[in-house]
Each structure stands twice: as structure tokens, then as C-alpha cells.
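Please read the report below alongside the sequence and the coordinates.

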Amino acid sequence: MERRPAFPSSFETHFIDIHEVLPEEEDKKGKTQKIDKADHKRLNRPIKVRDTNKRPHRSLNRQVSLETGFSVHNWESKVKDNRRVLTRSGRSFGGFDSANRIGLEAPKGDFSLFKTKPTLSKQNPLLPSCKEREMVSQRNDGSTGLDDSVNESVPAGRYFAALRGPELDQVKDYEDILLPKDEKWPFLLRFPIGCFGICLGLSSQAVLWRTLATSPATKFLHITPFINLGLWLLALAVLISVSFTYILKCVFYFEAVKREFFHPVRVNFFFAPWVVCMFLAIGAPPMLVGPQILHPAIWCTFMAPYFLLELKIYGQWLSGGKRRLCKVANPSSHLSVVGNFVGAILASKVGWNEAAKFLWAVGFAHYLVVFVTLYQRLPTSETLPKELHPVYSMFIAAPSAASLAWQTIYGEFDGLSRTCYFIALFLYVSLVVRINFFTGFRFSVAWWSYTFPMTTASVATIKYAEQVPTIISKGLALTLSFVSSTMVAILFISTLLHAFVWHTLFPNDLAIAIKKRRIAKEKKPFKRAYDIKRWTKQALTKNNSVKKDSDKAGY
């Protein structure tokens with residue numbers, strides 16, 4: 001008679017309970033090997049099959065992983081004891097990689113992520129250590145490393161994908177940030193680099209009112225120079241306060257400053273402090289500096305850091321990397337170009353005409369590239385939303401400053417200077433006629449950076465009226481000067497109200513707290529009908545291989 005195997009060949013109808021073998025049972029097992037023929041016949045009786053209809057379905061009490069050798073008990077009773085199957089990816093063991101299983105959550109208000117020296121928290125036992133924060137981040141994000149480390153640069157495309165708004169300062173609805181949204185952050189962490197736009201607006205107004213007081217084209221107005229003195233002192237005081245505050249931010253929250261430097265829009269505002277200093281040097285009141293020529297050391301002090309930063313940014317545009325110009329170009333990029341023309345004006349005033357010509361050539365070459373990149377709107381670029389409309393005024397700044405720089409270097413408002421001025425004037429008019437273009441969005445500190453282009457265009461118009469002294473040119477100069485001064489006054493009052501009355505000037509700076517990578521799970525593709533046959537074949541092949549492995553183990 002043919003012997004039947006001691007183990008069933010299929011798991012569909014027969015179940016085997018695997019349990020631990022004790023030493024006493026091993027002795028008994030040895031004795032059973034010496035059984036007689038009668039006992040052997042008894043063993044060859046057919047094995048009874050469990051009635052799966054009457055008894056609840058149970059699977060193996062112990063599952064042994066063929067790859068790792070570890071075992072997980074009662075692997076299908078997840079509802080009862082919340083135990084998970086051992087994954088074979090090598091990244092977790094029994095579900096311990098989940099934050100929900102351990103009961104840990106991300107610490108709220110952990111602003112030490114952006115501090116200059118986050119390792120100081122180890123000295124205070126009340127604060128979580130770096131390792132604890134790293135473990136919590138890994139459990140919450142399901143990642144093997146600290147992907148959201150603030151010490152590493154965030155790709156430029158990540159900012160465009162995660163942010164929106166006039167200055168890319170608003171997080172999209174489906175994005176998550178590293179810091180809590182429901183509580184107020186420290187003041188230094190909420191203080192943006194865009195505050196230097198206030199200094200740009202006030203310092204350019206000081207230049208405008210000095211020109212109005214000293215220009216022959218506006219001599220009939222009899223404007224007192226004390227207006228220029230008051231604006232200059234106000235701009236200097238604001239520059240000192242803003243610079244001191246941002247230096248404190250660099251000292252205590254340097255990681256947040258690095259985030260702003262990698263921001264495709266805010267990186268351009270790092271040019272603003274040096275442009276403001278050059279504006280103040282150009283617009284200094286005559287009663288303070290007198291008729292003597294400025295010392296060249298002033299130009300070297302302000303232009304050296306600007307030039308080094310310019311080499312960094314222009315090198316990124318030229319190298320064709322992730323931050324090339326076609327990817328990061330925005331109207332605020334004009335700030336990195338305008339400084340060349342302002343530096344050329346200051347260089348000419350200190351007596352260095354060759355340095356002024358060099359800066360003018362560099363600035364004009366890059367202005368053409370930025371202008372064409374922004375003007376043509378590549379097919380891959382998205383249309384600017386309504387919130388981005390004010391940044392169009394930045395198109396006026398560079399040609400206006402270029403015309404002023406050329407007039408200062410060569411001493412006359414000649415053909416090239418007029419060409420640049422007419423370009424700026426056309427862009428100015430094309431924006432003014434669209435009043436609805438600049439309505440319907442909230443106030444922001446960054447709006448101040450949109451005032452100095454209008455002021456620069458007003459100064460260029462005054463210089464043009466000196467060369468062409470007609471009623472139209474003088475009337476145009478007065479009109480543009482009035483519009484720019486009125487805009488600065490309105491913004492100054494609005495800033496004071498938002499800062500000291502409504503306390504809404506500095507909301508949480510969500511832009512610097514975005515994650516380096518988007519952790520959201522991607523949706524699985526829809527299963528198409530023609531793929532069912534292929535998936536069914538793969539499932540049957542996998543099931544047959546499992547049966548073969550179980551048959552070998554049974555024998």
C-alpha cells in the first residue's frame with residue numbers, strides 16, 4: 001500500500017500548528033521512532049480535516065520570515081492586538097517605524113530647528129536633543145534620514161511648488177510646514193529680509209527731493225532742502241534699526257537666514273542693504289556733505305559686498321544648474337541688476353569714471369537677459385496670478401537707473417540715456433493705464449520695494465527736463481514726482497497702522513518653514529482593464545511558488 005505523507009501538501013484544507021519543542025518531548029520523539037507495525041498502521045490513518053465552516057478561520061500561530069529568520073505571532077489578528085506583519089523592505093521591524101504605534105508626535109513650538117546652534121539644546125535636559133528630534137522626524141515622515149534638515153539647501157523648484165502669493169510667502173493648502181501654524185512665532189523668526197524694501201523707498205525719496213531742490217528744471221518751485229534732510233535722517237534711522245534687527249536674526253536664527261537666501265525671490269533682497277547705502281550716499285544733504293567730492297572709500301565699502309554677492313548669483317544664472325535664470329527669474333531679479341547702475345552713479349561721483357563704465361556695462365548686459373526672460377514668458381512658465389501684479393513695477397527700475405547712470409558718467413542726457421529713459425517711460429505708462437491691475441490683494445512689507453522704481457523714473461524725468469526744458473517735460477516730472485511721493489506716504493502710514501495698531505505687519509513666515517521634500521503619498525494609478533490578465537497571471541505564479549515551498553518543507 002502506498003504511504004501517505006505525514007504533512008498535507010496544501011494549506012487550503014489542512015493546517016499545522018507549529019509549537020516549541022521541549023527537551024522532554026525530544027526524548028519521547030526518540031522513543032516513537034521504535035514503533036511497531038501496529039502503531040505504524042495507526043499512523044497511516046487518514047488525517048481529519050478541520051471544518052472551516054463551523055470553526056472560525058485561523059492561520060498560522062507563528063510565521064517565520066525566510067529572509068530574516070524573525071517570527072511574528074498571530075499575524076492576522078491585527079485587530080485584536082494591533083500587531084503587524086514583518087515587512088521585507090528592511091526599513092522597519094514589526095511596524096515599529098510608525099509614530100502612531102509608539103505614541104510619539106512632533107514637538108510643537110520647537111523653534112530650535114532654525115537656531116544658529118541647535119546643539120545647545122543638549123545642555124538643557126528640558127529640551128529635546130537632536131537625536132530625539134531626528135527620531136521623531138523619521139517616525140512622522142516615514143523616512144530613513146533627516147530629509148527636512150534645515151542645514152541643507154532647499155531646491156529652487158521646491159519653493160515654486162510649495163508656495164504662492166506676491167513674494168512666494170504663502171504655503172499652498174496641501175503642503176505641510178516644520179513649525180506650528182496655530183501659534184505665534186518669535187519676532188526674529190517672523191522678521192523677513194523684505195523689510196529692507198522700506199529703506200529702499202525712503203532712501204530713494206531722499207534722492208528725489210534733493211534733485212527737486214537743486215535741479216534747474218524745478219527751481220521755480222523753491223523747494224526747501226530741509227525736506228531732503230528730514231527724509232535722509234528718517235531713511236538712515238530706519239536702515240539702522242532694520243539692519244540691527246536682521247543682524248540679531250543672523251546671530252540667533254542663522255538657519256532661517258539660510259532658508260531666505262535659498263528662496264528664489266528673497267535672495268534678491270540681500271542686495272537691498274547695499275543699494276540703500278549707495279542711495280543715502282548719493283542723496284546726502286548738501287548742508288552735511290558740502291560741495292566736496294565723496295571719498296572713494298565710501299564706494300569701496302558699499303560696492304565690495306554687493307559685487308561678491310553678484311558674482312555668486314550671476315554665476316548660478318550662468319552655470320545652468322538648478323538655479324539657472326530660466327527657473328528662478330522673477331521681477332524681483334531686477335534688484336540684482338539695479339545695484340550696478342546705482343554703483344556706477346556713486347563711482348562717478350567719487351571720481352572713478354572707469355569703474356562706473358565697467359559697472360554700467362555689466363548691469364546693462366544682465367538687464368537685457370533678465371528683461372527678455374521675463375518679458376517673453378516661456379511656454380513652461382505659469383501665468384502670473386493677480387497677487388503678483390505689483391511686481392511688474394520692477395520693470396521700470398533698471399532702465400531708469402541706466403539712463404541716470406549714463407547721464408552722470410558722460411555729463412549729458414544723450415541718445416543712449418534717452419533711449420533707456422523712453423523704455424522706462426513706456427513701461428510706466430503701460431502699467432498706469434491698468435488701474436485694476438493693482439487692486440484686490442492684501443498689504444505686505446514687500447510692497448515697499450515697488451516704490452523706488454517709480455521714484456527712480458521721476459528722477460530720470462527731472463534730468464530729461466533739464467535737457468529738454470519744455471512745459472510737457474516739466475509737467476511730467478512734477479506729476480511723476482507727486483505720484484511716487486504720494487505712494488510712499490500711503491505705504492508709510494499703512495506700515496505704521498499694521499505695526500502698532502493692528503499688529504499684523506509680521507505674520508508667521510511660513511515660506512521658510514516648508515519641508516525640503518513633499519512627504520505626501522502619491523495616488524496609485526488606476527488599474528486598466530487590459531492589465532487584469534497580466535496581474536492575474538502574476539498572482540497565480542506567486543501562489544504556485546508558495547505551494548511548492550510548503551510541499552518541500554512538508555517532506
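## Lining of the largest cavity

In this predicted model, the residues that line the largest cavity divide into seven nonpolar, three polar and one charged. The lining is made up of F261, F262, P264, V267, N268, I313, Q316, W317, R323, V328 and S333. Two elements, α10 (254–262) and α13, each give two or more residues to this lining, and α13 gives the most, with three residues.

The volume of this largest cavity is about 140 Å³, and the structure holds three cavities of 30 Å³ or more. Rolling a probe the size of a water molecule over the atoms shows where empty space is left.

## An enclosed helix

Helix α11, which spans residues 272–282, is largely enclosed by the rest of the structure, because ten of its eleven residues are buried. These buried residues are A272, P273, V275, V276, C277, M278, F279, L280, A281 and I282.

Which helices do the buried residues of α11 pack against? Their partners are α8 (196–214), α9 (226–252), α13 (296–319), α15 (335–349) and α19 (452–467).

## The chain as a whole

The chain has 21 helices and four strands, and buried residues make up 41% of its 555 residues. Among the contacts in the chain with a separation of 6 or more, 75% are accounted for by residues 24 or more positions apart. The accessible surface of the chain comes to about 32,500 Å², and 61% of that surface belongs to carbon and sulfur atoms.

## Two histidines with positive phi

Most residues other than glycine have a negative phi, and most peptide bonds are trans. Against that background, H222 has a phi near 55°, a positive value in a residue other than glycine. H222 is placed in the loop between α8 and α9, and with a relative accessible area of 68% H222 is exposed.

Where does H503 lie? H503 is found in the loop between α20 (471–501) and α21 (532–554), and although H503 is not a glycine, its phi is positive, at about 55°. With a relative accessible area of 56%, H503 counts as exposed.

Conventions
Residues are numbered from 1 along each chain as its sequence is written. This is a predicted model: local features need pLDDT of at least 70, side-chain atom pairs count only at pLDDT 80 or more; totals for chains, interfaces and linings use all residues. Side-chain values use heavy atoms; hydrogens and water are left out. Buried means under 20% relative accessible area, exposed over 50%, partly exposed in between (1.4 Å probe, protein chains only). Contact means heavy atoms within 4.5 Å. Accessible areas come from the Shrake-Rupley method with a 1.4 Å probe; for residues, only the protein chains shown count as cover. On a 1 Å grid over the protein atoms alone, a cavity is a set of points where a 1.4 Å probe fits but cannot get out, and a pocket is an open set with protein on both sides within 12 Å along at least five of seven lines; lining residues have an atom within 4 Å of a point. Grid points are joined across faces, edges and corners, and a volume is the space filled by probe spheres set on the points. Ala, Val, Leu, Ile, Met, Phe, Trp, Tyr, Cys and Pro count as nonpolar, Asp, Glu, Lys and Arg as charged, and the others, Gly among them, as polar.
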